[in-house]
Amino acid sequence: MQNYAETMGYFVERHATGLAVAFVAGAGILALRRWMAGGVCRSKVRLDGKTVLITGANTGIGKETALDMAKRGARVILACRDMTRACIAADEIRQQSGNGNVVVKKLDLTSLQSVRDLARDVQENEQRLDILINNAGVMMCPKWKTEDGFEMQFGVNHLGHFLLTNCLLDLLKKSTPSRIVIVSSLAHEKGSINFDDINLDKDYHREESYRQSKLANVLFCRELASRMQDTGVTVYSLHPGVIRTELGRHLFPTLALWQRIILMPLLMLIKSPYAGAQTSIYCAVDESQANSSGLYYSDCAPKKPAPQALDDAAAKKLWDLSASMVGLA
């Protein structure tokens, strides 16, 4: 034992500088990871007797959000495209939360008929809907079309949720006070709405398409909040952060090898799904935001969005265009 202590002492003495650098670097990385994790929802509010519907809740931040809602006692509806994975996720959420009231319903946001079918199912079989979380999305995919012929990112990220939300508004109004949470992104800050070529048929760039869809989310929140004034329905949009989820599955394979090598260490620093879900949870339940509506959030706090996201005329124009595209009166 004495020889071991002497050996360790000798090693520390010989490598004091290196050990100090390693310690400082390690502490710095831990501090950076903690800082990048962002805010945490501290609300302890219970949701017993309430119903929450979350799109894309079989993985990533949607699943973490669903788990949190289930732990609070809510009836949680996972609205997902892949029913096999959704059923597995629901089983895991039931086991981890101790809440058996977690159900799965089919939703394919690439199909407006699927959106209408889900809305009809919810209207006919659910007594109430207290929280709707529009979480599902697609990012940086190639030039694909939805079943109805819309550009994929705009169709899934905005139009599908636009139709779903409008179809469920009567039930949300019936269940007031109720909330609608729309997951957007910081990417909206570089976005613009191409009203003359909304499907980007003339010149498609996946980055431009994604930014347009995320700006549409924030504008939709703003216009919807205006229309829901004095109804008891409040609306929130948010940036969840940069997160380790499947959302980037279309982007990573297209990167050059050197870009992947650089990116891999950075992936260790970005948010986990748990950390990424915190702002969605905050907007869904925090008591301090009960009377707020139409705002944009990041790291569990209101944040001013990009100037183009505050354009009321553009928000109304987008609403009218979206209603026409999905066939709403």
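**Side-chain contacts**

Reply: Happy to! Arg 227 is partly exposed, at 35% relative accessible area (partly exposed lies between buried, under 20%, and exposed, over 50%, with a 1.4 Å probe and protein chains only). This is a predicted model, in which local features need pLDDT of at least 70 and side-chain atom pairs pLDDT 80 or more, while totals for chains, interfaces and linings use all residues. Residues are numbered from 1 along each chain as its sequence is written, and side-chain values use heavy atoms, without hydrogens and water.

Me: Which residue forms a salt bridge with Arg 227?

Reply: Glu 223, with the closest N and O atoms 2.8 Å apart. A salt bridge here is a side-chain nitrogen of Lys or Arg within 4 Å of a carboxyl oxygen of Asp or Glu. Both residues lie in helix α8, four residues apart, about one turn of the helix. Helices (H or I, at least four residues) and strands (E, at least two) are DSSP runs, numbered from the N terminus.

Me: And is Glu 223 buried or exposed?

Reply: Glu 223 counts as buried, at 11% relative accessibility.

Me: How many salt bridges in the whole structure?

Reply: The search finds 16. One of them pairs Glu 126 with Arg 75, closest N and O atoms 2.8 Å apart. Glu 126 is in the loop between α5 and β4 and Arg 75 in strand β2, so this pair ties together parts 51 residues apart in sequence. Glu 126 is buried at 6%, while Arg 75 is partly exposed at 21%.

Me: Which residues are in the network with those two?

Reply: Lys 105 and Asp 121: salt bridges that share partners join them with Arg 75 and Glu 126.

Me: Switching to rings. How many aromatic pairs?

Reply: Five. Rings of Phe, Tyr and Trp (its six-membered ring) pair if their centres lie within 6.5 Å; planes under 30 degrees apart are stacked, over 60 edge-to-face, and the rest tilted. Phe 162 and Phe 220 make a tilted pair, 5.2 Å centre to centre with 55° between the planes. That pair links helix α6 to helix α8, 58 residues apart.
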